[in-house]
Amino acid sequence: MAGKIIIISAPSGCGKSTIINAILAEGKIDMQFSVSATNRVPRSGETHGVNYYFLSDDEFRKAIAEDAFVEYEEVYQGRFYGTLKSEVQRICDAGHNVVLDIDVKGGVNVKRLYGDNALSIFIMPPSIEELRRRLEGRATDAPEVIDERVGKAEYEISFAKDYDCQVINDDLATAIDETRRIISDFVN
Ligand code: 5GP
């Protein structure tokens, strides 16, 4: 059945986007990515309307006032991210399942909202030390941002037990296979 919600959360640097993009690119599962809105600045290579809808602080505030979000969170200080009702609606109306890449608080809230029509998956790093190595290797963030993200990861992992399933990304190909199988069992 289409119109199901797949929630995927993970600490930054756990390979979540890579896993989601790999499964989307294969096209074996009928699901589309819900593009979130954020007021953070784009990283190099990111495109408005593809990775996020990049909004100004004022535009984000206006969207909140207009009740445009299913949920939104201040994931980092001053940096807001939100799932747009219009995105979820558009994808469901077109008869597809929806995949949400959202933080732990948003993930828990959306699962509560959609109940059995949603499946929540938490992607885990093999360890905190390995996560730090991966973030440093990615080299897209300044050292203080990496420190902030590692600290946050420990907090986020404490929510893993509230998710329907947990996948450890030790080996990427295995993690993709496992995530695909979990999603496929849920939507088919
Ligand atoms: P990044 O800045 O690395 O793209 O994302 C930071 C965090 O924001 C990630 O954990 C990501 O899952 C989360 N995020 C992205 N979009 C949303 C959203 O719409 N809602 C919530 N609650 N979190 C989001």
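Visitor: Is the crossing in which H5 passes H6 left-handed or right-handed?

Guide: This is a predicted model in which local features need pLDDT of at least 70 and side-chain atom pairs count only at pLDDT 80 or more, whereas totals for chains, interfaces and linings use all residues. Residues are numbered from 1 along each chain as its sequence is written, and side-chain values use heavy atoms, with hydrogens and water left out. A crossing counts as left-handed if the near helix is turned anticlockwise from the far one by less than a right angle, and as right-handed if clockwise. The crossing of H5 with H6 is right-handed.

Visitor: At what angle do the axes of H5 and H6 cross?

Guide: Helices (H or I, at least four residues) and strands (E, at least two) are DSSP runs numbered from the N terminus. Axes are lines fitted to C-alpha atoms, for helices over the stretch in contact, and angles run from 0 to 180 degrees between N-to-C directions. The axes of H5 (residues 128-138) and H6 (residues 143-157) come within 10 Å, and their crossing angle is roughly 145°.

Visitor: How many charged residues belong to the contact of H5 with H6?

Guide: Contact means heavy atoms within 4.5 Å. On the H5 side are Ile128, Leu131, Arg132, Leu135, Glu136 and Arg138, which meet Ile146, Asp147, Arg149, Val150, Ala153, Glu154 and Ile157 in H6. Ala, Val, Leu, Ile, Met, Phe, Trp, Tyr, Cys and Pro count as nonpolar, Asp, Glu, Lys and Arg as charged, and the others, Gly among them, as polar. The contact holds seven nonpolar residues and no polar ones, and its charged residues number six.

Visitor: How many nonpolar residues belong to the contact of H1 with H7?

Guide: The axes of H1 (residues 16-26) and H7 (residues 172-187) come within 10 Å and cross at roughly 60°, in a right-handed crossing. Thr18, Ile19, Ala22, Ile23 and Glu26 of H1 meet Leu172, Ala175, Ile176, Thr179, Arg180 and Ile183 of H7. Two of these residues are polar and two are charged, while the nonpolar ones number seven.

Visitor: Which residue in E8 is the bridge partner of Ile8?

Guide: E1 (residues 5-9) and E8 pair in the parallel sense over five bridges. E8 is also joined to E9 (residues 165-168), in parallel, by four bridges, with Met124 opposite Ile168. In E8, the partner of Ile8 is Ile121.

Visitor: Which residue in E7 is the bridge partner of Gln32?

Guide: E7 pairs in the parallel sense with E1 over four bridges, where Ile6 stands opposite Val99 and Ile8 opposite Asp101. With E2 (residues 31-33), E7 pairs in the parallel sense over three bridges. In E7, the partner of Gln32 is Val98.

Visitor: Why is E7 largely enclosed by the rest of the structure?

Guide: Buried means under 20% relative accessible area, exposed over 50%, and partly exposed in between (1.4 Å probe, protein chains only). Asn97, Val99 and Asp101 point one way from E7, and Val98 and Leu100 the other way. E7 (residues 97-101) is largely enclosed because its buried residues number five of five.

Visitor: Which residues point the other way from Ala118, Ser120, Phe122 and Met124 in E8?

Guide: E8 (residues 118-124) is mostly covered, with seven of its seven residues buried. Ala118, Ser120, Phe122 and Met124 point one way, and the other way point Leu119, Ile121 and Ile123.

Visitor: How many disulfides does a search of the whole structure find?

Guide: A disulfide is a pair of cysteine sulfur atoms within 2.5 Å. Cys92 is in no disulfide either, and its nearest cysteine sulfur, that of Cys165, is 19 Å away. The number of disulfides found is zero.

Visitor: What is the relative accessible area of Cys92?

Guide: Cys14 is buried, with a relative accessible area of 1%. Cys92 is partly exposed, and its relative accessible area is 23%.

Terms used:
Two strands pair if DSSP finds at least two bridges between them.
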